[in-house]
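Reader: Please show me the sequence and the structure. I have some questions about them.

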Amino acid sequence: MSTNLIDSTTLFLEGNTEFYVPKNSLTQIPPPRTPVFFNTMAKFKRDLLISIFNSHASQSGHKLTFSDTLSGVGATGIRLANESEYVKKIYFNDANINASELLQTSITHNNLDSTTEVSINEAHKFLSNFTNRDVRFDFIDLDPFGSPIQYVDSAVRALKINGVLSLTATDGAVLCGVYPKVCLRKYGSLSLNTEYFNETALRILIFSLASISSHYELGIKPLFCHTDKHYIQAYVQITDSISDTENRIGFIGHCSTCQNRVISELPILSCNLCSSNNKIAGPLWIGDIFDKSFLNIAINNTDDSNLVKLYRNAISESSLPPLYYVTDTISQNLKISSFPVETILSKLKENNFLSSKTILHSTGFRTDANVEEINSILSKTSTSNI
Ligand SMILES: [Zn+2]
């Protein structure tokens with residue numbers, strides 16, 4: 001490593017692994033892109049990826065290859081190589097020579113030379129070296145600045161059948177409905193700014209992957225999704241069955257008057273409760289976004305109580321309808337005091353509706369009750385409390 005780079009970096013511990021990071025990435029918010037980008041705040045995201053990787057390997061029954069496609073300092077791949085028992089080989093790639101120097105030093109520090117390989121390349125060129133069937137990856141991580149969509153075609157071509165693609169998008173304003181026309185241009189889908197904005201964003205991201213995969217007659221199967229205020233992330237398996245995608249692409253119809261929402265294969269233009277015009281989002285993924293059986297495997301493959309809680313909550317909501325509600329929004333619309341989400345869930349249960357919290361919003365919930373039924377139950381609850 002060059003003297004200048006040595007002087008500007010330091011060893012950093014995350015999980016059970018030490019690796020080298022730029023000193024300025026530990027003090028500046030947001031962390032700078034030079035000499036190499038590294039975000040300490042993304043630890044949970046890396047914990048999650050390692051857990052999903054281990055679970056997929058456990059399900060597959062063999063060790064896996066992994067592409068850290070836009071590796072930066074290589075935090076994800078270094079941690080995987082050091083902490084997972086399921087690694088066959090980690091391939092790091094970054095076009096920034098500082099990144100490759102830094103992560104090579106981290107590889108040596110952890111004695112990981114035999115299970116890692118480093119390349120300095122533009123991401124498309126790197127992935128194009130792995131399109132032959134015998135060298136394709138088991139697991140590819142795409143975590144660029146902004147949208148991952150420009151790399152998805154190359155990633156699909158470099159992924160084995162039944163391999164997993166981790167997609168992270170940080171262009172939330174586009175996917176969540178602030179810039180719907182930009183979303184239409186980039187993702188081929190109109191976004192919509194609603195209370196369940198991040199679910200719409202996830203469904204658009206997954207739709208874009210499904211659309212690109214279908215060019216190759218490949219299907220997709222979402223395993224798990226996660227969002228926070230900085231990113232939207234989907235873990236999706238690529239399958240050899242295009243039927244996994246059929247009947248799972250459609251539209252959202254959202255009524256701004258009564259807050260009714262529907263998801264359907266063809267756009268529903270007017271509200272079936274109050275007959276107002278619906279706002280439309282899509283096309284987008286209308287199938288499941290959580291795979292219950294995979295998440296049960298994930299629970300059995302981690303000791304991390306935060307991840308177990310997250311997976312259990314996702315299982316709980318996995319069988320309920322798309323498009324969650326937010327307690328505060330409903331209370332504002334009804335002009336009543338807000339209820340804890342637990343109160344709403346118990347009232348829905350008393351009235352024989354299914355319901356669950358959602359991992360996509362801290363005060364959100366899913367239910368098979370429609371908005372009129374929810375409003376009726378909460379209005380009665382509010383009156384009885386006075
Ligand atoms: Zn309506």
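Reader: Which spacing do the donors of the zinc ion follow along the chain?

Author: This is a predicted model, in which local features need pLDDT of at least 70 and side-chain atom pairs pLDDT 80 or more, while totals for chains, interfaces and linings use all residues. Residues are numbered from 1 along each chain as its sequence is written, and side-chain values use heavy atoms, with hydrogens and water left out. Donors are N, O and S atoms within 2.8 Å of the metal (3.2 Å for Na, K and Ca); water is not among the atoms, so sites may look incomplete. The protein donors here are the SG atoms of Cys255, Cys258, Cys271 and Cys274, 2.2 to 2.3 Å from the zinc ion, and their spacing is C-x2-C-x12-C-x2-C.

Reader: What is the arrangement of the four donor atoms around the zinc ion?

Author: Four donors count as tetrahedral if all angles lie between 85 and 135 degrees. The angles at this zinc ion are 100 to 119°, so the arrangement is tetrahedral.

Reader: Is cysteine 255 buried or exposed?

Author: Buried means under 20% relative accessible area, exposed over 50%, and partly exposed in between (1.4 Å probe, protein chains only). Cysteine 255 has 0% relative accessibility, so cysteine 255 counts as buried.

Notes
Tetrahedral: all angles 85-135°; square planar, octahedral: opposite > 155°, others 65-115°.
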